[in-house]
Amino acid sequence: MEWKSVVEQLCPDGHEVSQAGNLIRGYGRCGPHTVAVIGTTNHTEVGVELALAMAAAVINVIHDYPARPIVFLVDTSGQRLRHRDELLGLNGYMAHLAKCVEMARRRGHPIVSLVYEQALSGGFLANGMMADVCAALPEAEIRVMGLAAMARVTRISEERLSELGKSSPVFAPGAKNYLLLGGLDALWEGDLSACLMDALQSIDTTDHRRTLGHERGGRMLAYPVVQRVLASA
Amino acid sequence: MTHSYYESSARARIAGLLEPDSFHEWLPAAERLTSPHLATLEQPAAFDDGVIIGRGSIAAKQIFIAAQEGGFMGGAVGEVHGAKLVGVLERAVRDRPAAVLLLLETGGVRLQEANAGLIAVSEVMRAILAARAAGVTVIVAIGGQYGCFGGMGIAARCASTIIMSEEGRLGLSGPEVIETARGVEEYDARDRAMVWRTVGGKHRYLLAECDVIVADSMDEFRHAIVAGIDNGDDWSLAALEREHQLLAERVQRFGACKDGRDIWRELGWADPEAIAMPDNDEFVAAAHGHRAKNI
């Protein structure tokens, strides 16, 4: 879906959101809420400049609009795979963005993310996956890497991997699998502004993903392992 | 004769850094906590899932520690492995040790656990930041054979302090990943000198991507860790804004550089080859005033 259409559905009460390069920025109204909108488009790779621009947008919201909710619109094909970005320390730029999101959370900004097109590994870790509520459109594509590449790395055939993917949400890409694993809170369908309002009513600033994964049967060990560490002598 | 950090196993690193007999392990191998996903793939498992966690003391301070074992799947993070790291960090928020020490050696997400591995890395990132926000200092040490890459390269930079050795490597996408995706003209993973100029400890130190560089010895790492605990942490909006400024300056100043050597020249190294000097103390002295500013 086009980001403009997503923003119109999320913020039917008006919005002022614009695109510069592959960065989306602005604010919108959703019922009683004014939300900051920060995102990317065109399945862009996230390199140092884009990570820095998103961090600047987050810092700007912290400064100028205390406690305003932040909505990340996620569409990325992952971190930029360039020697030059690695030379400059892309991991440090990604971490800086993640720190800015965490700082916003600690200062009372509810953080919501919506994967509306595509989310891949490094580009997703530093913003979308940092949210209090992480949602996706049902047709969104979420993955670590493609099955072909995964088959190469693991030396397990693509057929076998997709076979395994039918019985376990761990191996195959897809929003539904991330839902079962607790990596997503919900799939948003129908009235997106109602979904966003619901999310803003139910903000939980602690990381509850392992509990969700356990409840939904997709990730049975993360929750009990953490509990066992906490209960150890 | 001092022990090499690089050559040591995760367990030997813990033994070499902590005070003798002070380490108490949580979920040791005897509990046989293995990855269910590796079992599904009929791949060999490890009873600690490649990470050792517990508490101990260093310079009479009580700390929590986690050490990744590069020898098991390159230290990659799966569901159980990640949950052990999260458990240590969340426990620190409750119990308030002097610091949490993470000895990272990892390629990032364990691809055999694909989706579960990615979520696990994200949970580790959030747990590091939650610990810092709660006032717990988190110190990362990187000096093993496999370096620290993938999502864990991001997680490392979420910590309060990073200590590296010259042999340590830190980045996001590894050289092989970029070469596979973009070709050898973009990144020649076999050109070891060029890889070192991109992700190696000295380049990361000059760029201020790590805070401290030490020689490859257990004693040097220990001294730096103790200093890191004493320095504590600055988790504040002001510190984050300083970091933002410095990262913006870095892109402006070095954004067109093609090689580590171009950056070092720009930093005032008349002879960029000189940074390969073997003695770490000499290097640190020479780097004074010829290194990007650190927050």
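Trainee: How do the axes of helix H2 of chain A and H10(B) cross?

Mentor: The axes of H2(A), residues 48–64, and H10(B) come within 11 Å and cross at roughly 150 degrees. Axes are lines fitted to C-alpha atoms, over the stretch in contact for helices, with angles from 0 to 180 degrees between N-to-C directions. Helices are DSSP runs (H or I, at least four residues), numbered from the N terminus. This is a predicted model: local features need pLDDT of at least 70, side-chain atom pairs count only at pLDDT 80 or more, and totals for chains, interfaces and linings use all residues. Residues are numbered from 1 along each chain as its sequence is written, and chains are lettered from A in the order in which they are written.

Trainee: Roughly parallel or roughly antiparallel?

Mentor: H2(A) and H10(B) are therefore roughly antiparallel to each other; that term covers angles over 145 degrees.

Trainee: Which residues of H2(A) make the contact?

Mentor: Among them are A:Val48, A:Leu52 and A:Ile59. Facing them, H10(B) gives residues including B:Leu237 and B:His244. Contact means C-beta atoms, placed from the backbone, within 7 Å.

Trainee: New topic. What about H4(A) and H10(B)?

Mentor: H4(A), residues 90–106, packs on H10(B) at about 150 degrees, with the axes 11 Å apart. That makes H4(A) roughly antiparallel to H10(B).

Trainee: Which residues meet there?

Mentor: A:Tyr93, A:His96 and A:Met103 are among those in H4(A), and B:Leu240 and B:Glu243 are among those in H10(B).

Trainee: And how many residues does the whole contact take from each chain?

Mentor: Chain B gives 67 residues and chain A gives 62 residues. On the side of chain B that touches chain A, H4(B) gives the most, with 14 residues.

Definitions and conventions: Two residues are in contact if their C-beta atoms, placed from the backbone, lie within 7 Å. Helices (H or I, at least four residues) and strands (E, at least two) are DSSP runs, numbered from the N terminus. Angles under 35 degrees count as roughly parallel, over 145 as roughly antiparallel, 65 to 115 as roughly perpendicular and the rest as oblique.
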